[in-house]
Amino acid sequence: MLQTVRYLIGTAGPSGYGSKSAAEEVTESCPDLRSVTAIITGATSGIGAEVARVLAKRGARLVLPTRNLKAAEEARARIVAEFPDSEILVMALDLSSLSSFTHNHAISEDGIEMTFATNYLGHFLLTKLLVNKMAETASATGIQGRIVNVTSGIHGWVSGDIIQNLGVITRNKRQYDATRAYALSKLCNVLHTKELAYRLKVGWFGCVIYNCSY
């Protein structure tokens, strides 16, 4: 309850920022990001769209992986209209591998619950594929790489064994609960980021958990 209240009133956390802090405010201390390449998933709307806009304003080169190329090109056009010198690359990438819906129960083509596949497994694999290249680039340039995962306070709603919870959702042993599925995916984001921070604590990396709205 206290965490929810702190979020709603915008109380600053350890970083000095809270839920009412805007992206432009957060990046004021690093106004020139021309040496940075940022890969942003979910950049066509919401938090991702604003992050992309502000990073472009600061000069970062953007890579927007997306399953909706039309929406991504529209997002790119909006940013370029505001910041004409922006360098933005749109790439086709479906983190969910969506193939079917069964009984209001979203399952990926790999047979995995859709929210879990999209919010966690897809990003886990993307991170795994990029991490060595990030290390090489950071070592060559002297600029620290950073992995930022967006999660939610709702991750605290999950109790019990994660694998068992995933099995219940995927095999449809009970009525599908979208909130439960979302909470599980966000908990896995938190655990993944903490493990990354532990494994990469010596080297050219920073790993950050960003807690978004509920």
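The model is predicted, so local features need pLDDT of at least 70 and side-chain atom pairs count only at pLDDT 80 or more, while totals for chains, interfaces and linings use all residues. Residues are numbered from 1 along each chain as its sequence is written, and side-chain values use heavy atoms, with hydrogens and water left out.

The secondary structure comprises seven helices and seven strands. Helices (H or I, at least four residues) and strands (E, at least two) are DSSP runs, numbered from the N terminus. From that terminus on, the order of elements is α-α-β-α-β-α-β-β-β-α-β-α-α-β. The protein has 214 residues, of which 37% count as buried. Buried means under 20% relative accessible area, exposed means over 50%, and partly exposed lies in between (1.4 Å probe, protein chains only). Among contacts between residues at least 6 apart in sequence, 65% join residues at least 24 apart.

Helix α5 covers residues 114-141. Its 28 residues should span 40 Å at 1.5 Å a residue, and its end C-alpha atoms are 38 Å apart, which agrees. The expected span is 1.5 Å times one less than the number of residues in the helix. α5 has a kink of about 40°, centred on Leu 130. The bend at a residue is the angle between axes fitted to the seven residues ending there and the seven starting there. Gly 142 follows α5 and has a positive phi, near 80°.

Helix α7 (residues 178-199) packs against α5: the two axes come within 7 Å and cross at roughly 20°. The two helices are therefore roughly parallel. Angles under 35 degrees count as roughly parallel, over 145 as roughly antiparallel, 65 to 115 as roughly perpendicular and the rest as oblique. Axes are lines fitted to C-alpha atoms, for helices over the stretch in contact, and angles run from 0 to 180 degrees between N-to-C directions. On the α5 side, the contact is made by Thr 115, Phe 116, Asn 119, Tyr 120, Phe 124 and Thr 127. The α7 side includes Ala 181, Tyr 182, Leu 184, Cys 188, His 192 and Leu 196.

α7 has 22 residues. From its first C-alpha to its last it reaches 32 Å, close to the 32 Å expected at 1.5 Å a residue. Its buried residues include Ala 183, Leu 187, Val 190 and Thr 193. His 192 also lies in α7. At 10% relative accessibility, His 192 counts as buried. Leaving aside neighbours within four places in sequence, His 192 is in contact with Tyr 120, Phe 124, Thr 127 and Asn 149.

His 123 is placed in α5. This residue has 19% relative accessibility and so counts as buried. The C-alpha atoms of His 123 and His 192 are separated by 9.9 Å, although the two residues lie 69 apart along the chain. Not counting residues up to four places away in sequence, His 123 touches Thr 41, Leu 95 and Thr 118.

Ser 45 sits in the loop between β1 (37-39) and α3 (46-57). At 48% relative accessibility, Ser 45 counts as partly exposed. Arg 53 is found in helix α3. With 18% relative accessibility, Arg 53 counts as buried. The C-alpha atoms of Arg 53 and Ala 75, 22 residues apart along the chain, are separated by 8.8 Å. Beyond its neighbours within four places in sequence, Arg 53 is in contact with Glu 24, Ile 79, Glu 82 and Phe 83.

Definitions and conventions
Contact means heavy atoms within 4.5 Å.
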